[in-house]
Each structure stands twice: as C-alpha cells, then as structure tokens.
Amino acid sequence: LYSFLDTRQPESRMHQIISVLQPALILTDEEHLEEAHKLFPETRVEVIADILFEKKMNQERLDAIREQALDMDPLYVNFTSGSTGVPKGVTVCHRNVIDFIEVFVKTTGIQQSDILGNQAPFDFDVSVKDIYSGLCTGASVAIIPREYFSNPTVLMDYLSVQRCTVLIWAVSAMCFVSIMNGLQYKTPVSVRLVMFSGEVMPIKQLNKWTKALPFTTFVNLYGPTEITCNCTYYIVDREFKDEDILPIGIPYSNCDVLVIDEHGNPITEGVGELVVRGNSV
C-alpha cells in the first residue's frame with residue numbers, strides 16, 4: 001500500500017495526510033531527505049535508491065507478503081481536496097486497477113510499441129493510467145519534467161525528440177499548450193492518441209489540437225477518483241462549435257452508468273444524479 005506526497009503542497013496538508021495514513025515508512029530521494037526528516041521526525045525515512053540499488057530488501061519477507069496477498073488488498077491511497085478543502089483519502093485495491101487497466105488498454109489500443117508522455121504528477125490519479133498501462137503492455141513511459149509545462153516550446157521539443165505516441169493529460173495541460181501557441185511552434189507528429197480529463201474541455205482549445213493533429217484520435221475521459229480513474233469515454237468523431245459541450249460518452253466494458261431521480265429511480269431524460277457500478281468501483 002502506497003501514497004504519494006507532493007512536497008510543494010502546504011506543510012499543513014502534508015501533516016493532515018500523514019496523520020490519516022500513519023505510514024510505517026517514507027521513501028524519498030537524497031534531495032528531499034533532510035526536508036522529510038524535519039517534516040516527519042517520528043516516521044522512519046529511507047532513501048529509495050539505497051533500498052533499490054543496495055538491495056536492503058528482505059526477500060524472504062517480501063516473498064511471504066506476496067504469497068498471502070489478495071487482489072482485494074489496498075494498492076494505493078489517493079488524496080483529493082474534498083468539498084471542504086480537507087484532504088480526503090480514496091483507497092483503491094489491486095482488483096480495481098487490474099480490472100480497469102485491462103479494459104482501458106484494450107479499449108484505447110495502447111500497445112508495447114507506444115511511448116506514453118506522462119504529464120500528471122504521481123499523486124494525481126490521471127498518472128495511474130500512465131503507470132499501469134505501461135506495466136500492463138510493456139509500453140514505455142516518458143516522465144515529462146514538470147517545469148516543461150511552463151515552457152511550451154521546450155515541451156513540444158521534448159515530445160518530438162522522445163517520439164511520444166500517447167498523451168493522457170489533464171485538460172488544463174492541453175489548454176496551456178494551445179493557448180500559448182505551442183502547437184504553432186512545433187507539431188509532435190508522432191502522437192497518435194490524445195486522452196484528456198479532469199474538467200470540461202473548451203471546444204475552442206480542442207479544435208486547435210485537432211487542427212494541428214488531424215490524424216490523431218482524441219478521447220474525452222470522465223470519472224471520479226472513487227471509481228478508479230474513469231467510467232466513460234467519448235471518441236471525438238466530428239467537429240464541434242465553440243459553444244458546444246463534449247459528451248462524456250459511453251461506459252467501459254464491465255462498467256455501467258445510469259441517471260437516477262431524487263427518489264432513486266432510473267430516468268432516461270431530465271436532470272438527475274449519475275450513478276456508476278462495476279468491478280472497478
């Protein structure tokens with residue numbers, strides 16, 4: 001069971017998260033070691049490179065853990081802000097990820113030859129699709145330095161040099177590129193598939209992407225953290241006007257969505273609450 005901490009977030013938020021997790025171990029790098037000791041003096045802190053490269057792992061203990069592990073065991077905890085601004089931990093188990101990723105890579109056609117350009121920080125659930133799609137298919141994952149997303153020309157150069165073929169990005173990252181005219185500077189022609197989520201995609205910005213990459217498939221993804229990343233997808237198959245809104249699409253295989261009214265009854269039109277069911281929930 002793991003959880004990621006972004007050291008750039010407020011110290012108070014990190015302490016709130018740690019108080020919930022009560023971790024047995026914090027892994028970090030040499031750069032953040034001193035900071036980690038100061039922030040969490042009562043928690044064991046290790047440099048991850050020391051464990052990986054100096055082989056400090058207890059192989060017998062690790063084998064024993066793997067032997068008794070169940071697919072319903074927790075895999076990671078992802079913290080959202082929550083409606084009150086207080087960090088809310090969402091626990092996702094191994095089965096959730098296995099179920100979702102197998103369907104996700106089959107639906108999107110991600111394969112071993114692909115190179116995924118990772119935009120999302122690892123404490124953001126969008127990155128789950130990068131990490132585990134790569135592990136599932138053997139595809140490469142190129143971790144794009146965060147600072148590149150404040151310099152569109154450097155970012156476009158990186159995508160081109162790395163020959164990234166798949167982008168699974170937040171809408172805000174895509175809008176940054178198009179608003180800052182990054183696509184006019186250079187078009188990453190190797191990109192064959194772009195998937196976006198996190199908020200509503202402005203059609204004006206989407207049209208800039210589709211115009212620059214006319215042979216690329218664009219997919220609108222939808223779903224909250226609680227249902228393991230996404231529950232629906234929409235393949236952009238036509239042109240949209242600036243005032244249009246993209247559909248959220250259809251459910252993935254082994255997943256179902258329905259809209260219910262205030263009495264809990266399914267409805268086919270009107271306004272209601274979206275409910276999701278399936279093995280990744």
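**Note on the sheet, its helices and the cysteines**

1. Helix H6 lies across strands S5, S6, S7, S8 (193-197) and S9 (217-222), and runs at about 155° to S5. Contact here means heavy atoms within 4.5 Å. Axes are lines fitted to C-alpha atoms, for helices over the stretch in contact, and angles run from 0 to 180 degrees between N-to-C directions. Helices (H or I, at least four residues) and strands (E, at least two) are DSSP runs, numbered from the N terminus.

2. This is a predicted model, in which local features need pLDDT of at least 70 and side-chain atom pairs count only at pLDDT 80 or more, while totals for chains, interfaces and linings use all residues. Residues are numbered from 1 along each chain as its sequence is written, and side-chain values use heavy atoms, with hydrogens and water left out.

3. The sheet is open and has seven strands in the order S6-S5-S7-S8-S9-S10-S11, with mixed pairing. Two strands count as paired if DSSP finds at least two bridges between them. S6 (140-143) and S11 (250-251) are the edge strands; each has a single partner, so one side of each has no neighbour in the sheet.

4. S7 (residues 166-170) pairs with S5 (residues 115-118) in the parallel sense over two bridges. Val166 is the bridge partner of Leu116, and Leu167 stands opposite Gly117. S7 also pairs with S8 in the parallel sense, over five bridges. On that side, Leu167 stands opposite Val194.

5. Five of the five residues of S7 are buried, where buried means under 20% relative accessible area, exposed over 50% and partly exposed in between (1.4 Å probe, protein chains only). Val166, Ile168 and Ala170 point one way from the strand, and Leu167 and Trp169 point the other way. Helix H8 (residues 171-179) lies across S7, S8 and S9, at about 105° to S7.

6. How do the axes of H5 and H6 cross? Those of H5 (residues 94-108) and H6 (residues 126-137) come within 10 Å and cross at roughly 75°. This makes H5 roughly perpendicular to H6; the classes are under 35 degrees for roughly parallel, over 145 for roughly antiparallel, 65 to 115 for roughly perpendicular, and oblique for the rest. H5 contributes Val97, Phe100, Ile101, Phe104 and Val105 to the contact, and H6 contributes Val128, Lys129, Tyr132, Ser133, Cys136 and Thr137. By class these are eight nonpolar, two polar and one charged residues. Ala, Val, Leu, Ile, Met, Phe, Trp, Tyr, Cys and Pro count as nonpolar, Asp, Glu, Lys and Arg as charged, and the others, Gly among them, as polar.

7. The count of disulfides is zero, with a disulfide taken as a pair of cysteine sulfur atoms within 2.5 Å. For Cys164, the nearest cysteine sulfur belongs to Cys175 and is 19 Å away. Cys164 is buried, at 0% relative accessibility. The sulfur of Cys255 lies 5.4 Å from that of Cys231, its closest cysteine sulfur, which is too far for a bond. Cys255 is buried as well, at 14%.

8. Two residues other than glycine have positive phi values. Cys229 has phi near 85° and sits in the loop between S9 and S10 (232-235); its relative accessibility is 2%, so Cys229 counts as buried. Asn254 has phi of about 65° and lies in the loop between S11 and S12 (255-260). At 40% relative accessibility, Asn254 is partly exposed.
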